[in-house]
Amino acid sequence: MPRRPLTGIRVMDLTVERGELCGRLLSDLGADVIRVEPPGGSPSRSMPPAAGDLSLFFAFRNAGKLGVALDLDAESDRRRLDDLLVCSDVVIDSAEPGSRAVPGLDVKSLADRHPHLVCASITAYGLTGPYAGRDVPNAVLEATGGMAFKAGLPEREPLLPPGLIADDTASMTGAFAILCALWQKRQSGAGQVIDVSVNEAVAQITDWSLSNWTRSADAGMAPPELRAGPGPVYTIIPCLDGYVRLVIIAERHWRAMREWLGEPDYLQDPELDTFLGRMYIADAVLNPLYAEHFADMTMEEVARECQRRGIVCTPILKPSDVLSNEHFAARGTFDLMPVGGDGDDQRVMKMASGFFEIDGERVGPTGPAPDIGQHTEDVFASLGDPRPAPSGPTEPSPPLVGLRVIDFGHGGVGVETGRMFAEYGADVIKVESRTYPDFMRVVLGGEMSPSFASSSRSKRSFGVNAKTDRGRELLLELVGRGDVVIENNSTGVMDSMGLGFAAMRGANPGIVMMSSQLMGSRGPWASWSGYGPNTQVTGGMTHLWSYEGSDRPAGSQSIFPDHFAGRTGAVVALAALLGRERNGDGGCHAEVCQVEQVVQVMADLLALESLRPGAVVPRGNHSDRGTPWGLYRCRGDDEWAAICVRSDDEWHRLVEVMGSPEWASASELSDLAGRRDAESRVDDGVASWTAGLTKEEVANACIGGGVPAGPMLTAAGQVGDPHYQARGYLVERFQPPIGNMTFEGAAFASTAMVGPDIRPAPALGEHTRDVAGELGLSTGEIDELIAAGVIETEQQGG
């Protein structure tokens, strides 16, 4: 049986649609999560995608929970809810401010009645600010959160991503916030109110757009923020049976590819050893050359040979490919789940099996989603003892103070896990050296970049050469005084340096190690290397993130799932620490397979494909949720607004907002089926209205009329947006040595936690002397180790 570190924690789940994954994550990790819904069932039981009467959305996000039916409009059942809350640790809600028909059920009221309770609210824009209370779906938040503008071709409309990235990211962020609160609660028993904003949660994972744009703007050279398909870095190349993503950034990648091409004379110019030199001839020379070279090979053959040669390349899999892939089969990425009746009427679907692994075992759901009220009697019969009252009032504080984290991360995954700990009070020590720097630190040629600063803010830097015996000894001594180790190196690298989990546990039996590899640490493709966009293609997302009816993937410059996987790592590491402290679990090795994070956020779509082969195809911006649905061009240069109509009532409201044009009054458009049959006509009609207005005018008119909408924002738009400003999301700092920039702020606020501690990222080796001194080294010993090249300080190398 897998270790489940949250065993003994009880969670009440009141969410509807938004935030339902949050409780599922806590359940996977061992919490008793009780799904409360009306006797007639939650509205989310009808959410698409669906197979017949089965909502795959609901089945995935509620697996493993216990089902309790309560009519919260009735006073008697509200008293029964309070009986549950008295004996619970956490409650999660997703009701927008002011939307509850009955008073006393909002998180603030629940916290007042139950001061021991961690009360988490997950809403579209948070509980405060000018947009608070806007009832908008995931797609609108991907527009206002800065995710939508990154995908698509410049001559066509931007593309919303498949799945529910915004809402699911907020659920992951909410789980981290809840775990921070539970860690904090160990001291006083006091609960708190947590306010998670989906908008800010997704804005945090948009690939450092804010930090890079504001740094450039401060330098007087703000770049245009335009989509460009896959862009010049994460290229898409055709082959015999599909496409591959080929990423040639480093000189070693280029030289390996040039050798495979036969070392032609015209590619020997030293300027082509640089990425910029190759970029100038990519479209005209290199990409057609690669396509010709790959023409007789399948996408998996191309990817395997590239990986064998040390070239970053992965196949662009379709949903059917993902479901039959040998690597996912070997890893147990999918569970087989029965659907329907008995005997011949029963079918089996493939459902993604879980976000985490602990000590080599999958930590996924303990069972299917519950039937309505399935466990009501059992839950009330075994309430247990009331939770203790808080010992006294507490002042807001950083929740993770006292924890020490050793961060071997690089790129965008491990460093984001470290960032989450650092912002909330942990002492995070980044391990690096000039012989093996974090490539994001040096990507612009110096030793600092805006992307690096964003993900390594608030940390300390320990410059140490881990490939020396003494350097390795120092690192194990540091581990002996630590709580968490983070690493996302290629599979086997830590073991090869004598710093694998066995060595870590030998230095500290209580250590929690969080590892995250591209394809995971086991399986036929475990040795493959790459970047976030390489998992995006292998997990099936890139194929679906494209225009309807188009064969060639449109491409996106998003590096999802890097930042998302970083938050997954923070959740499982902090949960493991809670298990260590509450249950005496001891240390463990937690793993987050990056490609499986892509699979997880599309789990319901992949489950549908397993039941109805060929059903899941690129839809552009169209959605089974409603029509019209998508991004519509507005007045100005490449300005767009998201409009999402979920019901016939919202459609009639939109018609009124648009001034009741004749085309929209056609009787066949009055219901969803009719509008879906006429999607192109409806899209054209809506676009003819939006074209004469600014995106803000469109959004304000729609919201005022009760229609979900929002402007598509880039980083520049976020800087000027009143809601981001009011929520304190835009954090301006001077980052040595590059200058002023704006850091991404908090995705959640809390009544018991201070806001995130956001300080500039360290120079390489800036804290080496301090950390070495804490390990007991004298000044003379430190100087000797610097002279020997074992440790490094910021003065070395500029």
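Predicted model: local features only at pLDDT ≥ 70, side-chain atom pairs only at ≥ 80, totals over all residues.
Helix H3 covers residues 75-86. At 1.5 Å a residue, its 12 residues should span 16 Å, and the end C-alpha atoms are 17 Å apart, which agrees. Which residues of H3 are buried? They are Asp77, Leu81, Asp82, Leu84 and Leu85. These residues cover an arc of only 155 degrees around the axis, which puts them on the same side of H3. An α-helix has 3.6 residues a turn, so residues three or four places apart point the same way.

Gly539 sits in the loop between helix H21 (532-538) and helix H22 (541-544). With a relative accessible area of 0%, Gly539 is buried, since the limit for that class is under 20%. What surrounds Gly539, once neighbours within four places in sequence are left aside? The contacts of Gly539 are then Val322, Val595, Val598, Val599 and Met602. Of these, Val598 is 59 residues from Gly539 in sequence, while the C-alpha atoms of the two are 5.4 Å apart in space.

Glu423 belongs to helix H16 (residues 414-423). Glu423 is also buried, at a relative accessible area of 3%. Outside the four places on either side in sequence, Glu423 is in contact with Arg457, Glu744, Gly755, Pro756, Asp757 and Ile758. The C-alpha atoms of Glu423 and Ser458 are separated by 6.5 Å, although the two residues are 35 residues apart along the chain.

The next topic is salt bridges, of which the model has 64. One of them joins the side chains of Arg522 and Glu357, at 2.4 Å from N to O. Arg522 lies in the loop between strand S20 (512-515) and H21, and Glu357 in strand S14 (residues 356-358), so the pair ties together parts that are 165 residues apart in sequence.

Asp427 has salt bridges to Arg404 and to Arg460. In the pair with Arg404 the N to O distance is 3.3 Å. This pair links distant parts of the chain, with Arg404 in strand S16 (residues 404-407) and Asp427 in strand S17 (residues 427-432), 23 residues apart. Arg404 is buried, with a relative accessible area of 15%, while Asp427 counts as partly exposed at 21%. The side chains of Arg460 and Asp427 meet at 2.8 Å, N to O. Arg460 lies in strand S18 (residues 460-464) and Asp427 in strand S17, so this pair ties together parts that are 33 residues apart in sequence. Arg460 counts as buried, at 15% relative accessibility. Elsewhere, salt bridges that share partners join Glu416, Arg419, Glu423, Arg457, Arg567 and Glu744 into one network.

On the surface, Leu276, Met279 and Tyr280 form a nonpolar patch. Together these residues have about 340 Å² of accessible area. Leu276 is found in helix H10, which runs over residues 275-279.

Key
Residues numbered from 1 in each chain as written. Heavy atoms only, no water. Helix = DSSP H or I, 4+ residues; strand = E, 2+ residues; numbered from the N terminus. Expected span 1.5 Å × (residues − 1). Buried < 20%, exposed > 50% of the residue type's maximum accessible area, 1.4 Å probe, protein only. Arc of directions from axis to C-beta. Patch = residues over 30% accessible without salt bridge, like charges linked within 9 Å, V, L, I, M, F, W, Y side chains within 5 Å. Areas by Shrake-Rupley, 256 points an atom, 1.4 Å probe, with all protein chains shown as cover. Salt bridge = Lys/Arg side-chain N within 4 Å of Asp/Glu carboxyl O. Contact = heavy atoms within 4.5 Å.
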